[in-house]
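Let's take a friendly tour of some helix packing and then of the ligand site. Here is the model to keep beside you as you read.

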Amino acid sequence: MKADATVKNPPLPKQYGEELLVFDFGEGCYLFDRSGKQYLDMGSGIAVNALGYGRSDLADIAAAQMRRLIHVSNLFATEPELELAGKIIAAAVPGGSHSSFEAVHFGNSGSEANETAIKYARLYARTKRGAGHHRLIAFSNSFHGRTMGSLSLTANPAYREPFEPLIPGSEILPFNDVSALEKSLDGNVAAVMIEPVQGEGGLNIVSRNFAKALNNLCRKYDVLLIADEVQTGLGRCGSLFASGIVGLEPDMITLAKPMAGGLPLSAVLVPEKVNDLLKPGHHATTFGGGPVTTAVASAVWDILSKPEFMAETRRKGEFLESLLASGMKEMGIKGDLLGAGLLRGFRFHSDKYDGIWCSRIIGEARNEGLIILKTGADVLRLAPPLVISDKEIKEGVNLLFKVIKNNL
Ligand code: PMP
């Protein structure tokens with residue numbers, strides 16, 4: 001007898017839901033639940049599985065490394081960790097001569113990377129300018145994580161309010177608003193954190209003007225500009241770092257989701273001026289940068305960092321965008337196309353197509369064998385594996401608009 005596809009009241013925290021679909025395995029861009037049903041995955045485990053499922057190349061690297069050496073501690077180094085950090089530092093990063101990164105601080109999650117960057121920024125401001133220069137700025141619709149520091153810079157009140165008070169001195173300013181930024185940013189600020197494209201907050205893109213103002217003001221007051229590229233980085237937006245696409249010149253960059261092919265690994269790119277101040281005990285983590293995750297990540301990096309791979313991601317992103325545009329046109333409803341690269345979405349201009357409607361579309365798409373995501377209040381988001389084929393993109397968009405047509 002086949003197992004039910006879903007589990008009811010699982011022994012997991014209730015916020016994950018009272019009924020969950022149970023996946024069994026994946027192959028390429030497809031997932032299979034435990035009843036055997038197949039789904040085209042255009043969510044990638046929330047923008048994680050850039051290289052798709054069933055990667056025996058990555059599995060072989062992980063297995064070999066587990067046999068050879070599974071863990072030491074950060075009192076020691078390992079070859080895979082050194083190799084990966086070296087590759088990241090050597091890469092061309094946004095900001096040119098402004099941001100030459102000297103070290104990579106590895107961690108385990110996006111929140112942890114942002115938490116680390118916040119600590120480094122506070123340490124920098126305090127050492128350079130003295131106590132009291134600790135303000136932290138983020139922007140409306142931001143998502144930087146759910147640990148107390150990263151949550152302090154996450155805008156959504158539903159995520160924040162139950163856990164207040166958050167860390168003192170953290171502020172949310174309006175996104176892409178240069179005059180609000182000019183009024184608020186001064187030498188008492190330790191850091192500004194921003195996503196080049198807001199992954200969870202509706203796929204809004206940092207404007208060129210705003211990026212320029214941020215670069216200039218942060219430099220003027222020696223405030224550290226942190227680009228949260230946990231979701232946008234490593235190719236998701238068609239470039240290794242999305243900061244470059246929007247003109248941001250960050251002092252620190254945080255990375256995570258696709259880094260180790262689905263294994264937990266994050267990174268903070270640390271500039272020389274911060275690295276110089278770091279003393280033993282300032283910050284560390286037991287598992288971050290272990291040899292298994294970094295060995296896999298090194299192979300993932302080699303694939304993602306190839307210019308041809310990025311060019312292909314951009315092309316597929318444009319193809320996806322064009323199919324979404326014609327699908328929307330066919331529905332005859334005006335809307336916004338959002339995002340960049342293979343992080344795309346859209347919202348219809350009508351109150352009828354609100355967040356509840358989006359959730360219904362996501363549920364019905366799932367019944368049809370398609371996994372998609374929501375972002376912001378009312379945006380349907382597609383973040384397929386970067387290895388998706390044109391045929392699969394077409395299949396996904398056709399399924400999506402079939403479901404939408406039945407729900408107009
Ligand atoms: N920053 C951004 C931009 C994210 O999209 C996320 C996760 N959605 C995080 C931080 C937090 O990452 P994690 O869930 O790995 O802690």
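## Helices H13 and H14

In this predicted model, Trp357, Ile361, Glu364 and Ala365 of H13 are in contact with Leu400, Val403 and Ile404 of H14, where contact means heavy atoms within 4.5 Å. By class, that contact has six nonpolar, no polar and one charged residues. Here Ala, Val, Leu, Ile, Met, Phe, Trp, Tyr, Cys and Pro count as nonpolar, Asp, Glu, Lys and Arg as charged, and the others, Gly among them, as polar.

H13 covers residues 355-367 and H14 residues 390-405; they pack at about 125 degrees with axes 10 Å apart. Axes are lines fitted to C-alpha atoms, for helices over the stretch in contact, and angles run from 0 to 180 degrees between N-to-C directions. The two helices are therefore oblique to each other; angles under 35 degrees count as roughly parallel, over 145 as roughly antiparallel, 65 to 115 as roughly perpendicular and the rest as oblique. Helices (H or I, at least four residues) are DSSP runs, numbered from the N terminus.

## Helix H11 and its partners

H2 (residues 56-68) and H11 cross at roughly 150 degrees, their axes coming within 8 Å. That makes H2 roughly antiparallel to H11. On the H2 side, Asp57, Leu58, Ile61, Ala62, Gln65 and Met66 meet a set of H11 residues including Pro291, Val292 and Ala295. This contact divides into 11 nonpolar, one polar and one charged residues.

H3 (residues 79-90) packs on H11 (residues 291-304) at about 35 degrees, with axes 8 Å apart. Among the H3 residues that meet H11 are Pro80, Glu81 and Leu84, and their H11 partners include Pro291, Trp301 and Asp302. The contact of H3 with H11 has seven nonpolar, two polar and four charged residues.

## Around the ligand

Which residues come nearest to the ligand? Of the 13 around it, they are Gly110, Ser111, Asp228, Gln231 and Lys257, with a residue counted as near if one of its heavy atoms lies within 4 Å.

A polar side-chain atom of Ser111 sits 2.6 Å from a ligand oxygen atom, and one of Asp228 lies 2.7 Å from a ligand nitrogen atom. The side chain of Glu200 has an N or O atom 3.4 Å from a nitrogen atom of the ligand.

## Conventions

Residues are numbered from 1 along each chain as its sequence is written, and side-chain values use heavy atoms, with hydrogens and water left out. Local features need pLDDT of at least 70 and side-chain atom pairs count only at pLDDT 80 or more, while totals for chains, interfaces and linings use all residues.

Conventions
A polar contact is a pair of N or O atoms within 3.5 Å; within protein, one must be able to donate a hydrogen and the other to accept it, and residues adjacent in sequence count only if both atoms are side-chain atoms.
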